[in-house]
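Me: I would like to go through a structure with you. Could we begin with the terms we shall need?

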Amino acid sequence: MQQLSYFELVGFGPNGWGWALLTAAGMTIAVATCGFLVGSVVGTFVAWAKVGGNMIVRSIADGYTTVLRGIPDLLVIYLFYFGGSAALGAIGSLFGAEGFIGVPAFVTGALAIGIISGAYQAEVFRGAYQVVNRGEIEAARSVGMHRWLMFRRIIAPQVLRYAIPGLGNTWQLVLKESALISVTGLVELLRQSHIAAGSTRRPFDFYLTAAVLYLLITWVSTYLFQRAETHSMRGIRRAS
Amino acid sequence: MDFTFMKDTFFSLMSGVPLTLNLAFTSVAFGAVFAMILALMRMSGVRVLDAIAQAYVFVFRGTPLLVQIFLIYYGLGQFRPTLQELGLWSFFREPYWCAVLALTLNTAAYASEIIRGGLQSVPHQQVEAARACGMSGFLLFRRIIFPIAVRQALPAYGSEIILMVKATSLASIITMMEVTGIAAKLISQTFRAVEVFIVAGLIYLIINFIITRIIMAIEWWLSPHLRRPPAVEPRLEAAHV
């Protein structure tokens with residue numbers, strides 16, 4: 001068999017892996033986005049616990065962010081992958097189901113990424129909250145806003161504005177972390193490249209292509225976050 | 001929770017600690033040298049060198065470390081005959097060296113930005129004062145710029161070292177049996193993910209805690225000018241008379 005050229009290999013022809021790689025890149029974006037959103041929810045609650053909780057709640061929140069930022073992400077993914085199946089198996093056996101119940105790799109991945117990035121996002125949100133002018137919160141309270149209304153109208157929009165740069169960094173982390181999900185067998189970009197490399201014996205070509213696709217995603221998302229930042233800051237006067 | 005199991009797990013995981021530390025410190029050491037070169041390239045003012053360093057940082061910070069590891073460990077296998085001819089194959093055949101290489105290249109990209117930030121934060125007055133005393137070139141760099149830059153960059157460099165300790169866990173994917181590698185093996189043998197996770201996590205936390213303390217101690221040592229002068233010791237001789 002003759003050697004395929006690089007572009008035939010990663011192209012969209014009959015022997016090309018182009019579509020498979022693009023689909024896998026879509027999967028990478030999907031799992032990273034879901035994980036990031038889970039992390040935003042977790043991060044919001046943890047940040048809330050840090051700024052508003054009593055001593056016990058606060059120390060739990062501090063412990064969470066310290067631990068999750070101090071241990072390797074791969075360990076957390078293993079915990080969710082193996083531990084999740086074990087937990088589901090235990091719950092399943094209560095209802096009479098037998099044997100091994102696998103958690104879908106996508107769910108494991110999104111949850112693991114969410115729990116990890118939640119720790120980072122909590123710090124981002126906490127930092128952004130501290131920049132919000134105290135006077136605004138007092139003003140909101142003085143016009144009789146309740147907690148939820150104040151959160152929705154006053155705190156959330158402003159925190160989000162100041163959090164965008166930090167969230168951008170966290171998103172980059174999440175995107176790169178999503179490559180680790182490949183160990184659970186989810187066919188995302190790295191896994192697909194691994195498969196393609198194995199079946200064509202052209203590992204360098206495929207991992208290089210994966211790297212280029214990752215760079216492309218990073219580059220586009222950096223641009224989008226920059227746009228979002230300028231957009232959100234349009235009402236703020238800056239000394240320049 | 002089964003404490004005897006956790007104790008056994010702790011001892012088997014501890015056997016991976018030397019490799020974890022070895023990977024982390026080898027790559028941080030090589031990475032620091034390389035990062036210094038990159039930072040100097042960025043600040044050299046030569047446009048070509050600056051562009052090369054910038055592209056390097058962009059590529060290595062924009063792609064996942066695992067992709068870089070695979071590219072080196074599996075990817076370079078595609079060029080095996082060429083590498084064999086050059087006599088480099090024995091290097092790229094070893095997962096240890098591939099992991100060290102990938103970690104080094106990766107940390108160099110991040111660290112070069114930290115070092116550049118440190119170098120740029122050196123106040124101009126200090127450099128001018130040094131020039132006024134007649135220092136220039138390497139002497140100026142060694143005595144004035146470098147110490148001030150290190151002091152500035154140390155906290156950020158500390159977190160980079162912690163990140164590297166965490167990153168060594170990826171070496172387990174290319175068969176290195178460091179802490180995470182052993183943990184994964186234990187989990188798949190015993191299916192007791194939670195216990196193994198707790199013990200392995202604890203080991204990493206202890207390592208990172210110790211490193212943070214060491215960095216803090218170095219920071220303290222490097223900034224005597226920020227400390228309060230020691231209280232004057234009361235003269236004790238008189239009491240002994």
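This is a predicted model: local features need pLDDT of at least 70, side-chain atom pairs count only at pLDDT 80 or more; totals for chains, interfaces and linings use all residues.

Me: Good. Is B:L170 buried or exposed, then?
Reply: B:L170 has 28 other C-beta atoms within 10 Å, so it is buried.

Me: Where does B:L170 lie?
Reply: B:L170 is found in the loop that links α9 (137-167) to α10 (179-190) of chain B.

Me: And which residues is B:L170 in contact with, leaving aside its neighbours within four places in sequence?
Reply: Those contacts are with B:L65, B:L66 and B:I69, and with A:L74 of chain A.

Me: What separates the C-alpha atoms of B:L170 and B:Q125?
Reply: They are separated by 44 Å, and the two residues are 45 places apart along the chain.

Me: Let us change topic. How many helices and strands does chain B have?
Reply: Chain B has 12 helices and zero strands. Its radius of gyration is 23 Å, well over the 18 Å that the globule rule gives for 241 residues, so chain B is more spread out than a compact globule.

Me: What box do its C-alpha atoms fill?
Reply: Taken along the principal axes, the box for chain B is roughly 65 × 65 × 30 Å.

Me: What percentage of chain B counts as buried?
Reply: The figure is 36% of its 241 residues.

Me: And the contacts in chain B between residues at least 6 apart in sequence: what percentage join residues at least 24 apart?
Reply: Of those contacts, 78% do.

Methods. Residues are numbered from 1 along each chain as its sequence is written. Chains are lettered from A and ligands numbered from 1 in the order in which they are written. Helices (H or I, at least four residues) and strands (E, at least two) are DSSP runs, numbered from the N terminus. The radius of gyration is taken over C-alpha atoms; the globule rule is 2.2 Å times the number of residues to the power 0.38. A residue is buried if 20 or more other C-beta atoms lie within 10 Å of its own, exposed if 12 or fewer, and partly exposed in between; C-beta atoms are placed from the backbone. Two residues are in contact if their C-beta atoms, placed from the backbone, lie within 7 Å.
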